[in-house]
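Q: Could you take me through this structure feature by feature, giving the general idea each time and then the case at hand?

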Amino acid sequence: MSNYTNPEDRPYFKGKEARVWHLYVGDEGSRLANYKETLLEILQQHEVKCVYDVACATGIDSAMLLENGYDVASTDANALFLEKARERRQENGFKDWQIGFGDWLDLKSACVEHPVDGYDALLCTGNSFTTLPDFEGQNKTHLKALRNFWDLLKEGGVLIIDHRNYDYFLVHKTLPPSSHSSIYYNNDRIFNVRNEPVEKDGKLTSLIFKSDIDVSGTELVNEDDVKIRERDGRLVPSFHLDEVLCYLHSKEGFTRLLRRVFGETAEHKILPDFKNEEIVEGTVPNYWVHVIVKQARSTPHA
């Protein structure tokens, strides 16, 4: 098996996340302020003009790039997220913004028109890649997706991809203390958070992320699937979010996967929480952001 045999098994299939994403993310301006400057700096350094956002969700990052003059194609494997992105396109008048369905394991068939020469940059952020299961084992599924990313980049093109700091989880069996006020997701509505470890053959490989979101004071309070739950000693209207299985990529392990595809000598750097600076002593990054460049050659290494 190399993909989802049942579409309902895809993360966020039921659509709750698309409905509450604006609450889950928090203030979009505050979110973008955490990494916009660094992201734009990376794109400028690599003379990027054309960007492919392969995990666009509701289009927050894609819209920011369009506002800054980039040509952008955006895909996601969730139809309800794509609806929200299209609403954003219409609201902002981005008539040239390509938006469509895209499966990382078959991106050549994505519902956007890929440039013949390839993209200058490909973006896969927000811990999105870790939601891809290793269907075939030995990271074969992950390598296939990364090869597809590589294939759509032009020579000299740059992949920007991240994952949570699962090194911390592998040691402490919990996410870093500040993980729910991170660069991408910063709100005070998430509660009842559970991170359940998953083992395979005696090895910790994944976690199941479970949580509820408080929708008090929002347009969602009267939705049929809202339930009243206890939060900090009071009752609040809330959604139980879909359980999400996340593969525990370590920083070193993910680097090895990238190098198997892009090559051992590919230009590669890792940014803690999208920052071009050393980690401050006593702090723990929530995300590792990998920036790797496609070298001049005809085929990927793996």
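Q: At what angle do helix H6 and helix H8 pack, and how far apart are their axes?
A: Two packed helices are described by the angle between their axes and by the distance between those axes. In this predicted model, helix H6 (residues 140-152) packs against helix H8 (residues 251-262) at an angle of about 50°, and the axes are 9 Å apart. That angle makes H6 oblique to H8, and the crossing in which H6 passes H8 is right-handed.

Q: Which residues of H6 and H8 meet?
A: From H6 come His142, Leu143, Leu146, Arg147 and Trp150, and they meet Phe254, Leu257, Leu258, Arg260, Val261 and Phe262 of H8. Sorted by class, the contact of H6 with H8 has eight nonpolar residues, one polar residue and two charged residues.

Q: How many salt bridges does a search of the whole structure find?
A: The general idea is that side chains of opposite charge can pair when their charged atoms come close. Here, a search of the whole structure finds 12 salt bridges. One of them joins Arg19 to Asp225, with the closest N and O atoms 3.0 Å apart. Because Arg19 lies in helix H1 (residues 16-25) and Asp225 lies in the loop between strand E7 (203-214) and strand E8 (227-231), the pair ties together parts that are 206 residues apart in sequence.

Q: Are Arg19 and Asp225 buried, exposed or partly exposed, and what are the values?
A: Arg19 is partly exposed, its relative accessible area being 25%, and Asp225 also counts as partly exposed, at 24% relative accessibility.

Q: Where do Glu252 and Arg256 lie, and how far apart are N and O in their salt bridge?
A: Glu252 and Arg256 both lie in helix H8, where they are four residues apart, about one turn of the helix, and their side chains meet in a salt bridge of 3.0 Å, N to O. Glu252 is exposed, with a relative accessible area of 56%. Elsewhere, salt bridges that share partners join Arg19, Glu223 and Asp225 into one network. The side chains of Asp96 and Lys95 also meet in a salt bridge, at 3.7 Å from N to O, and both of these residues are exposed.

Q: How many of the residues of H1 are buried, and what covers them?
A: A residue is called buried here when its relative accessible area is under 20%. H1 is mostly covered, since eight of its 10 residues are buried, among them Trp21, Leu23 and Tyr24. The cover over the buried residues of H1 includes helix H2 (28-33), helix H4 (60-67), helix H5 (79-92), strand E6 (190-200), E7 and strand E9 (234-240). Just after H1, Gly26 takes a positive phi of about 85°.

Q: Which residues are buried in helix H3?
A: In H3 (residues 36-45), Thr38, Leu39, Leu40, Ile42 and Leu43 are buried, and what covers them includes strand E1 (50-53), H4, strand E4 (119-124), strand E5 (153-164), strand E11 (268-272) and strand E12 (287-293). Just after H3, Glu47 takes a positive phi of about 50°.

Q: Where is Ile160, and which residues does Ile160 touch?
A: Ile160 has its place in strand E5 and is buried, with a relative accessible area of 1%. Not counting residues up to four places away in sequence, Ile160 touches several residues, including Leu39, Ile42, Leu43, Leu122, Phe274 and Val289. Val284, by contrast, is 124 residues from Ile160 in sequence and 21 Å from Ile160 in space, C-alpha to C-alpha.

Note on methods
Residues are numbered from 1 along each chain as its sequence is written. This is a predicted model: local features need pLDDT of at least 70, side-chain atom pairs count only at pLDDT 80 or more; totals for chains, interfaces and linings use all residues. Side-chain values use heavy atoms; hydrogens and water are left out. Axes are lines fitted to C-alpha atoms, for helices over the stretch in contact, and angles run from 0 to 180 degrees between N-to-C directions. Helices (H or I, at least four residues) and strands (E, at least two) are DSSP runs, numbered from the N terminus. Angles under 35 degrees count as roughly parallel, over 145 as roughly antiparallel, 65 to 115 as roughly perpendicular and the rest as oblique. A crossing is left-handed if the near helix is turned anticlockwise from the far one by less than a right angle, and right-handed if clockwise. Contact means heavy atoms within 4.5 Å. Ala, Val, Leu, Ile, Met, Phe, Trp, Tyr, Cys and Pro count as nonpolar, Asp, Glu, Lys and Arg as charged, and the others, Gly among them, as polar. A salt bridge is a side-chain nitrogen of Lys or Arg within 4 Å of a carboxyl oxygen of Asp or Glu. Buried means under 20% relative accessible area, exposed over 50%, partly exposed in between (1.4 Å probe, protein chains only).
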